[in-house]
Amino acid sequence: MYTQYPKTEPFFIVGVHRSGTTMLRLMVNNHPNIAVPFESVFIPEFYRRLADYGDLTKQESVANLLRDIAAHPFVRRGGLIPGDMDTILARPIKSYADLIHAIF
């Protein structure tokens with residue numbers, strides 16, 4: 001029987017390479033009411049490059065940034081962004097935080 005739990009804030013699993021974070025992510029992800037995506041190393045990488053994309057209140061800038069994020073090896077490996085990015089771009093995105101929220 002499915003039990004609906006109250007919506008909670010996101011949480012992060014943080015650690016250094018070879019410390020067991022992947023195993024922890026996989027174990028937590030087995031819970032039926034929790035989804036833990038693949039590594040999100042792309043978040044700080046693209047944050048440092050935001051100036052390259054211009055004004056994120058413009059759809060074209062957001063689309064360019066999303067296209068590059070979708071091409072990131074960890075994003076592709078984890079299947080984080082579907083082939084059709086229109087669902088993400090349909091959300092109201094005015095900032096990098098909005099884009100990350102829409103991706104997840």
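Modeller: The buried residues of H3 pack against helix H2 (42-47), helix H4 (73-78), helix H5 (86-89) and helix H6 (96-103). Contact means heavy atoms within 4.5 Å, and buried means under 20% relative accessible area with a 1.4 Å probe, protein chains only. This is a predicted model, where local features need pLDDT of at least 70, side-chain atom pairs count only at pLDDT 80 or more, and totals for chains, interfaces and linings use all residues. Residues are numbered from 1 along each chain as its sequence is written, and side-chain values use heavy atoms, with hydrogens and water left out.

Biologist: Which residues in H3 are buried?

Modeller: Ser61, Val62, Leu65, Leu66, Ile69 and Ala70. They sit on the same side of H3, because they cover an arc of only 165° around the axis, taken from the directions from the helix axis to the C-beta atoms.

Biologist: What does H3 span, end to end?

Modeller: H3 covers residues 59-70, twelve residues, and reaches 16 Å from first C-alpha to last, close to the 16 Å expected at 1.5 Å a residue. The expected span is 1.5 Å times one less than the number of residues.

Biologist: Whole protein now. How many helices and strands?

Modeller: Six helices and zero strands, counted as DSSP runs: H or I of at least four residues for helices, E of at least two for strands, numbered from the N terminus.

Biologist: And how much of the protein is buried?

Modeller: Buried residues are 25% of the 104. The C-alpha trace spans about 45 × 35 × 25 Å along its principal axes.

Notes:
Buried < 20%, exposed > 50% of the residue type's maximum accessible area, 1.4 Å probe, protein only.
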